[in-house]
Amino acid sequence: MITIQNLTKVFRTEEIETAALSGINLEIKKGDFLTIMGPSGCGKSTLLNIIGLLDSANDGSYKLLDQEMIGLKEKGRAKVRKENIGFIFQNFNLIDELSVYDNIELPLLYNNVKASERRQKIEAIAEKLNISHRLRHFPQQLSGGQQQRVAVARALVNDPKIILADEPTGNLDSKNGNEVMELLTDLHAKGATILMVTHSDYDASFSQRTIHMKDGVIFSEKLNQRNVDVFMDAK
Amino acid sequence: MIFNWFKIFIYHLKQSKLFSFLNVLGLSIGISGVIFAILYWNNEHAYNQWNPEKENVYQVLNKIGITGDTWTTSSIPFGQTCAATIPEIEQICFVNDWYNESVIKYQNKKLIDKKITVTDNNFFDFYPFPIIKGAKKDILKEKNSAAISEEQAKLLFGEEDPIGKSITYNDKPYTIKAVYHIIRPSSVEPNYVFGGIIRENDANQWGNFNYGLMIKTKKGADIATVLKKMHNVNFVNRTLKDAKASGQTVEQYVKENGEIQIILDQLKTRYLYGTKSSGSASPEGTGNLKLLYIMAGLSLLILILSLVNYINLATASAIKRAKEVGVRKIVGASKKQIIAQFIFETAIIVTLAILFALAIVELSLPFYNAFLKKNLTINGAEFYLQLILIFGLVIILAGIFPAIYISNFETLKVLKGNFSRSKSGIWIRNSMLIFQFGIAAFFIIGALIVNSQVDYMMNKDLGFNGDQVIRIPFNYQDYKTKGQKYETTKQEILKIPGVQQVSTFAGTFGNGTNSSSGFTHNGVFVQPRNVDMDFGFLDMMKIKVVEGRDLSPKFASDTIDNWLINETLAKTLGLKNPINTVITSGWGNEKGNMKFKIVGIVKDFNITGLQNKVPQMVFLNMKALKWNNFQNVYAKVSPNNLTETLEKLKLYWEKNVNPDYPFDYEFVNKGFAKTYAEQVKQKNLFFILNLVVIVIAIFGLFALASFSMERRLKEIAIRKTLGAETDVLLKELSKQYIVFCLIGFGIGIVPAYILLQKWLEDFAFRIGISSVPFGIALISLLFLTLIIVLTKAFQVTKIDVLKYLKYE
């Protein structure tokens, strides 16, 4: 689904050049659940942003669904983004001025989905994420976990090909954090492709594969054993 | 989608009720200013546009060679010769350029009418008002025919059929032939139209410029050719003949006396863009192009000011919307959709503002109408079209820029949260703020200068003293016995206790004298105004005689061949010892040209408004020429028991002078004040607009200062932590606004100086532009800026440091 070859990103200021990414190679298949870990400034967020088409690379190749993304104009990127990618952020990024329903509706609006279909989809996804009773509320009236579930609902409502999660539990306590991670695992079990950035080994353990980055390069990759599942399920 | 946009819009509206309200209010004030200007503009441009003949009808004006005066009147033989010899002219029509005011009688009914037009018999070919009743053609052809307007017919005849009825005007019977409907606005909107303007004995008088003249050209005629041919008529019949009579060659004669230049003003444009002339150009007057431009210019400035305000606030508050825009972009909004969303919001605000503006206009229209002496209403397809145009224009001007600005927010930066202190857009906001300061400075300076000119006009020593002097119209038709009648009246009213002095002259203070006659002395041609007066007139008006003596009944020759001249005339004629100089006047009697001896020099005084210089004047006793063309009696009355005195005068007038006219009077000072009524209006206009501008500008400054200071909260918190004291912080925060204020002021003074200088050029008597208004404007502008900025800055320095250091 995603093939990245020799991807390079350089930040330039007047005095210095900083290589945020240097020669990244990565492949993500359909149905993968991949975690990127690493210390602050290692380039993991930059990589996520490039994959999410929010940022652009200087060199290399990034293919999404066999389509080259490097060199695509803003307009084209916006189109690919809205059709294929769902985002989940650390700070949720919900629009405080809109109700939960309206927040979830946004991607559908921008994808020109018909009004009747929108209602169905929103109700279905809310049901799935257990926030049906919260649809009329505003984000500020919800707990952090609930807000993140709304954000997940918004990311999923348009059936994206891949979900990008940038430290989805970073602003949550462990209980709410667990709920969100279970949600992602669940989605993965049902076939979703997920790419997640995190600081937490614990969170990473939910995924299939973890990549460690440092100074703009990938230096290790390992497959995870879900040996904590039993313990968590007992909760 | 629109529903979603609307929800967000409503949310923000609710969140900042005050700012949203002020924003809408600011825009609506700007828009209502433009609506006012448009209403005025439409009305001024609507004159005569209904008239199907507007393209072919021209008013003939004459620019008199030597004096440079432009007269709206022509002579009968000139018009008739042109009609007979120039094939391009279809027909001509003589018409008075003013309304006659007189009593109209029908059976036992008597009505005073102020809109009577006396004209030729083909008037309705030039102003084809629709005929409602009676003859449609040749309405005024028969002798003593008249037509009456629909409204007036109802007033005079009630339910009766007016056609064929006889009415009396100027003691002569006329038969009503038609009833017409007046289409407004028109240069002539008469209540009555009487035929038979041409007086027999004027038929061959080339020098009698007593008649307004209109020509109607044939379709497709070249007006330049017509004008050339008309000039030729004048040249052959006047210039050539006059030159011959004076025994000079034509070139010599033209060089000395000049030649009449004929000007043709098309009916279509005549009301507003017609040639400036001395005397009335048409009964309904002419348009005030200058005031129109001032209104249009100032209202546009205010609209720009409110637009700038809107843009500034929209971009400043855009930061609050940054996250929303970021999220929208992430979930798939394109730039176009973001722009559309914010233009949509502007559209809602502009719609509200326009509705608000219409309400403001509707409510203040009566005051505006009183100010313009008009009867404007909000209607007409043209107006609504213009309103839609304004709507579109305001949306584009106010909406596009903030929308593009917002749509360009970089998603990543916005969502990372380090956006709120970004410097983007600051440069533009600051220059707009400077621009606002400039406009405010312009308005303050303008208002101060207009104010001091008006003050100057109201307080200037005019050279005469009209305190306690009243002017009473003296309506007496028979010119032969008018002098005698005046003498009797004078003697009788002097007996009324409270009447101290009685005198008269042929003219009014403010409008000038009724006649002017030219003569040549020592090779200098002059055209002085004639002050045809009674003894004691100069004394009563406290007009000084600086050399020689006033005319007096003690000297028999004072009623025959002595006169006074004013300082200006003495100077123009270059007389070193003017007293006892004998001058040959332009008037003749059976013995040839009359000669007058100067017995005194009168100190210059302002007979017309301060727009004009003091004209050359000659003063002679009314018995010398016996023209009796005075129309008023002037009386000095005691301030004690004034009501009683006036009551007695009224009784006398109604019984003995003219029972048909109600007694009327006016204080001379009040009459003169009319000459600067226009400027007083402009002063008030400037004052009101000034308030509006300052309110809008202050609000804009406050809002902008609030936004930009709130973005610096973290900086302030850090500074406070490091030990900055309040006054240092205040200085730091307000410094830049003072600089902006100074730059804006510097930009504003240039147009203020130039435009006000131009405005002042209209006045022969005017103030010089000193540095005082500029100083006052600068100080008040700085003062206002400081108050607003310091208030806000003080509030900002009181923040809780911890809260902002923890944030982010």
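Two strands pair if DSSP finds at least two bridges between them. Strands and helices are themselves DSSP runs, numbered from the N terminus: at least two residues (E) for a strand, at least four (H or I) for a helix. In strand E8(A), Met196(A) is the bridge partner of Ala165(A).

The model is predicted: local features need pLDDT of at least 70, side-chain atom pairs count only at pLDDT 80 or more, and totals for chains, interfaces and linings use all residues. Residues are numbered from 1 along each chain as its sequence is written, while chains are lettered from A and ligands numbered from 1 in the order in which they are written.

Stay with chain A. Strands E7(A) and E8(A), the latter spanning residues 193-197, run parallel and are joined by five bridges. They belong to an open sheet of six strands, ordered E6-E7-E8-E3-E9-E10, with mixed pairing. Its edge strands are E6 (85-88) and E10 (217-223), each pairing on one side only. On average, neighbouring strands of this sheet are turned by 20° against each other, direction ignored. Axes here are lines fitted to C-alpha atoms, for helices over the stretch in contact, and angles run from 0 to 180 degrees between N-to-C directions.

Helix H5(A) lies across E6 and E7 of chain A. It runs at about 170° to E6(A). Between helix H5 (144-156) and strand E7 (162-166) comes a loop that holds Asp159(A). Asp159(A) is not a glycine, yet it has a positive phi of about 50°.

Chain A has another open sheet, of four strands in the order E2-E1-E4-E5, with antiparallel pairing. Strands of a sheet pair through backbone hydrogen bonds, either parallel or antiparallel. The edges here are E2 and E5 (67-68), and each pairs on one side only. E1 (residues 2-12) and E2 (residues 17-28) of chain A pair over eight bridges. A hairpin of four residues links E1(A) to E2(A). Across this pair, Ile4(A) stands opposite Leu26(A). E1(A) also runs antiparallel to E4(A) (residues 59-64), through five bridges. There Gln5(A) faces Ser61(A) as its opposite residue.

Now turn to where the chains meet. In all, 19 residues of chain B are in contact with 21 residues of chain A. Contact means that the C-beta atoms of two residues, placed from the backbone, lie within 7 Å. On the chain B side, the elements giving two or more residues are H1, H9 (289-330) and H12 (411-416). By class, that side has nine nonpolar, six polar and four charged residues. Ala, Val, Leu, Ile, Met, Phe, Trp, Tyr, Cys and Pro count as nonpolar, Asp, Glu, Lys and Arg as charged, and the others, Gly among them, as polar.

H1(B) has a helix partner within chain B too. H1 (residues 2-15) packs against H10 (residues 335-372) at about 60°, with the axes 10 Å apart. That angle makes H1(B) oblique to H10(B). Angles under 35 degrees count as roughly parallel, over 145 as roughly antiparallel, 65 to 115 as roughly perpendicular and the rest as oblique. H1(B) contributes Ile2(B), Trp5(B) and Phe9(B), and H10(B) contributes Gln341(B), Phe344(B), Glu345(B) and Ile348(B). Five of these contact residues are nonpolar, one is polar and one is charged.

H10(B) also packs against H11(B) (residues 381-407), at about 140° and with the axes 8 Å apart. These two helices are therefore oblique as well. Among the contact residues are Phe342(B) and Ile343(B) of H10(B), and Phe391(B) and Val394(B) of H11(B). The contact has 17 nonpolar, three polar and one charged residues.

How is chain B divided into domains? The assignment gives domain 1 (1-47 + 287-424), domain 2 (425-461 + 676-808) and domain 3 (469-675). These bounds come from an automatic or database domain assignment. The centres of domains 1 and 2 of chain B, taken over C-alpha atoms, are 22 Å apart. Between them, 25 residues of domain 1 are in contact with 22 residues of domain 2. On the domain 1 side, H2 (17-46) and H9 of chain B are the elements giving two or more residues. H9(B) gives the largest share, 14 residues. By class, this side has 14 nonpolar, nine polar and two charged residues.

The peptide bond from Arg184(B) to Pro185(B) is cis, with omega near -10°. Pro185(B) sits between strands E10 (172-180) and E11 (192-194) of chain B.
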